[in-house]
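Let's take a friendly walk through a structure, one piece at a time. Keep the picture open as you read.

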Amino acid sequence: MSMDSFLFWFLAFITIASAVTVVTITNPIYSALALAMTMVGVSAIFVTLGAYFLAGVQLIVYAGAVTVLFVMVLMLFDLKHELSAFSRGQISGTIKVATAAALAGLLIGAIVWTVSGFERVVSKPAAPDSADGMRELSHALFTKYVFGFEVLGILLLIIAVGVVALARAKGGTHAQR
Amino acid sequence: MPNVDTSLAAEALARPETQTQIESLDLIAHSATLGVGLSHYLILSAILFVLGMIGVLMRRNAIVMLMSIELMLNAVNISFVAFSRFQNLIDGQIMVFFVMTIAAAEAAVGLAILVAIFKRFREVNIRFFEHLRG
Amino acid sequence: MGNDAVEIAINTIKLVVCFLLIVQAVPVLVWLERRGSAFIQNRFGPNRIGPLGLMQLLADAVKFLHKEEFAPAKAVKFLYYAAPVVALVPATLAFAAIPLGAPVHWDQYVFPLQGYEVSVGIVFVLAVSSLAAYAILLAGWGSGNKYALLGALRASAQVISYELALGLAIVGIIMTYGTFNFGEMIHAQEGPLHFSFMGHELVLGFLPNWGIFYQPLGALIFFAASFAESNRLPFDLAEGEAELVAGFHVEYGGFKMLLFFIGEYGHMIVASALMATFFFGGYGLGFMTLAELSASVATVVQDPNIVSLVTSLITFAVFSVKLAVFLWIFIHVRWTLPRFRYDQLMDLGWKTMLPWALFNTILTATLIYVGHL
Amino acid sequence: MPAALPVGLPLGGVIFIAIFVLCFGAALLLLASQLGTRKADPVKYESYECGIPVQEKKDTKISVKFYLTAILFILFDIEIIFMYPWASNFQEFIRTGQGGLVFGSMMIFIAVFIFGLFWEVKSKALEWD
């Protein structure tokens, strides 16, 4: 096994293991920390795909901001171990997991069936000289997708306004009822 | 993987056992240099997506459900980047950029709503949200 | 990591050396800080053990090792012990990506004088340092103490607030050099100050071609924000040694505390190194380009390997001097300025530094756009 | 072994040094815990308090400003990150003659950014009192 495929399997293992932790662990704080680990793993996987800038953005936005926000909110709430972390009902739970497993089977089956043929069509992935990748990304973002870019700017503005309006109420996290 | 070296592929073809097993030259080039192809990334993405889905379906803490949604979005991002890489199109990466923005915005709004609810009722379990009617 | 055993071995050793550089710099900095503060405040400082009190650090380390290791009963043990260890990682990863000297060309190998060469260096450093909030939050939560939790929230709110100004102050310098790569950035800062503006070629031979002359405002904002990022006075609201009982690490003592110290000084070293790289030519000599330097070295020694080695050692020395200057500024400011109040701190970050950084970005963009016409 | 992974970011090195540092820290902590003396004392394990018996209220009130700051940080951080690809390629854009378009679009974006910041300041979301 070469270094690179080892890296992929290692990262895939880390990512999936921490994702399982997010879903299964009952203490939400640990869940959030495992989510941070997943984000780091996903960012490393982006690196193996040659998307360095996106890997950095993944770390800055997800691991450095969104998950920090999750951890902070959980600390504000001061939630300890939950007694009823999972939904009740043996039958409905079984159905849910079975549905998800069936979806996983379907997806993986579909991928294996279609992509292995598809992969032959793809002649060769280009060498992502990082500078070129960056230039290409920037070029596409500011010419072809410039409208989406502006709309996202306005969306962020609206969200900022909305969030402030939502959090307007006075008092701390445990304000009187 | 980037500079697919055809000499490697030829080398692999020269070996008798691979010649019979694998017919496509490009596939050999992939497996010879990286051993990990598009399908590996897509399967990883599918597994992550399903894990996130299980989280949304099974967990009752609304914050953990939001986290699971982030997991699902991340899974989609992996497949976007993988396609962008193997198809040699940059559009996938742009889409990931946009998805990240939307995901962060969604987390911000979701958490703002949850904090507002928590301040009022001290509860983030979704069973409780049934009482919020009318 | 490399193509053959020699390269892999040397690259691995380089990584470890990068980490050890941070670790060994901490006692020296602590000594410098204590002696410097004593000098500023007209005291003696540590002067008993060894010459000039330099052995004080070794004595401290041994003492730390022999302290009893215990966690408070209310602590979440795993998080409590994980936090100081995690605090070491971001600074180390960031420092390893910063070039400390010109690359060494030895036979067919090229060894850059840094842990690893990252093509998108700036994004990498920002991304890795954004993980620093976790150590703070882990410590605050894991201690199981309300003061620690409050301190952690204050510290992380401060760190993320100033990350905005920090990130925005760099946009100007990225625009000026058009790259994320430290190596290219340092290369662009060689020689005397020269640039073209509206078709005119301007050369100011008495100044080096450093970033500070293109981005004075950006440099100021970046440096001020990096004080807040590394939780130093005048922004050490997280700790507030006298009145807040040390904030998020109130429950830490002994060696765990020392690990936090290493992390904190590591951030300081990274900030100084970035300052030198972005705005003061990195390992470059200023007026003399790297090619000129190695040419003049080549007049003394013949072997090209040795020439390359000597050149990069000289550049490393230059970089160390620049680093030391900024580290001293860090220490000097700490003992000169009083602390901000928390609302003043947040106001400064959000309402002063962020708008000025935006202004700097717009100004730089306009000048570049107009200058190219 | 062909250098298959793109060389822009040596992931192996990054992971190696991260794990090395973690092990280093853990080993030091372990060493310190072995070397240190041990004396049991119930008071020692209490949480830190300023000289009075420890009181923990069940629900310590924490200002909601902290999390509001975090949310606003996320939103503005993303806007800043959008500027990075623009900044790194701005001179390139000007050289290829697209400078006006790109400059204009980013100025609109920054105008929205400034409007948002202005609104936050005006709505006193950033006031700490």
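Is Asn42(C) buried or exposed? Asn42(C) is exposed, because a residue counts as exposed if 12 or fewer other C-beta atoms lie within 10 Å of its own, and Asn42(C) has 6. Please bear in mind throughout that this is a predicted model.

To find Asn42(C), look in the loop between H1 and helix H2 (56-65) of chain C. Asn42(C) is not a glycine, yet its phi is positive, about 60 degrees. Why is that worth a second look? Most residues other than glycine have a negative phi.

## Helices that pack in chain C

Now for some helix packing. Two packed helices are described by the angle between their axes and the distance between the axes. Take helix H8 (residues 216-229) of chain C and helix H9 (residues 254-279) of chain C: their axes come within 10 Å and cross at roughly 170 degrees. An angle over 145 degrees counts as roughly antiparallel, so that is the description for H8(C) and H9(C). On the H8(C) side, the contact is made by Ala219(C), Phe222(C), Phe223(C), Ser226(C) and Glu229(C). They meet His267(C), Ala271(C), Met275(C), Phe278(C) and Phe279(C) in H9(C). Sorted by class, the residues of this contact are seven nonpolar, two polar and one charged.

H9(C) also packs with H1(C), with the axes 9 Å apart and an angle of about 95 degrees. H1(C) is therefore roughly perpendicular to H9(C). Here Ile22(C), Val23(C), Ala25(C), Val26(C) and Leu29(C) come from H1(C), while H9(C) supplies Phe261(C), Ile262(C), Tyr265(C), Gly266(C) and Ile269(C). Nine residues of the contact between H1(C) and H9(C) are nonpolar, one is polar and none is charged.

## A hairpin in chain C

Chain C has strands to look at too. Strand S3 (residues 192-197) of chain C and strand S4 (residues 200-208) of chain C run antiparallel, joined by six bridges. To see the pairing, find Leu193(C), which stands opposite Leu204(C) in S4(C).

How many residues lie between S3(C) and S4(C) in their hairpin? There are two residues between these strands, and Met198(C) in the turn has a positive phi of about 50 degrees.

## Where chains C and D touch

Next, zoom out to two chains together. The contact takes 69 residues from chain C and 61 residues from chain D. On the side of chain C that touches chain D, the elements giving two or more residues are helix H1 (5-40), helix H3 (77-96), helix H4 (121-129), helix H6 (146-177), H9 and helix H12 (342-372) of chain C. H12(C) gives the largest share, 14 residues. By class, this side of chain C has 44 nonpolar, 16 polar and nine charged residues.

And chain D itself? Chain D has three helices and zero strands, and its elements run α-α-α from the N terminus on. Of its 129 residues, 41% count as buried.

## Chain A, built from helices

Chain A has six helices and zero strands. Buried residues make up 46% of its 177 residues. Among contacts in chain A between residues at least 6 apart in sequence, 54% join residues at least 24 apart.

At 1.5 Å a residue, its 21 residues should span 30 Å, and its end C-alpha atoms are 30 Å apart, which agrees. H2(A) is mostly covered, with 19 of its 21 residues buried. Just after H2(A) comes Gly50(A), with a positive phi of about 80 degrees.

Further along is Val112(A), in helix H4 (residues 90-121) of chain A. Val112(A) is partly exposed, with 13 other C-beta atoms within 10 Å. Val112(A) and Arg135(A) are 23 residues apart in sequence, and their C-alpha atoms are 33 Å apart in space.

## A helix in chain B

After H6(B) comes Arg122(B), with a positive phi near 55 degrees.

Notes. Residues numbered from 1 in each chain as written. Chains lettered and ligands numbered in written order. Predicted model: local features only at pLDDT ≥ 70, side-chain atom pairs only at ≥ 80, totals over all residues. Axes fitted to C-alpha atoms, helices over the stretch in contact; angles between N-to-C directions. Helix = DSSP H or I, 4+ residues; strand = E, 2+ residues; numbered from the N terminus. Parallel < 35°, antiparallel > 145°, perpendicular 65-115°, else oblique. Contact = placed C-beta atoms within 7 Å. Nonpolar A, V, L, I, M, F, W, Y, C, P; charged D, E, K, R; others polar. Pairing = 2+ DSSP bridges. Expected span 1.5 Å × (residues − 1). Buried ≥ 20, exposed ≤ 12 C-beta atoms within 10 Å, placed from the backbone.
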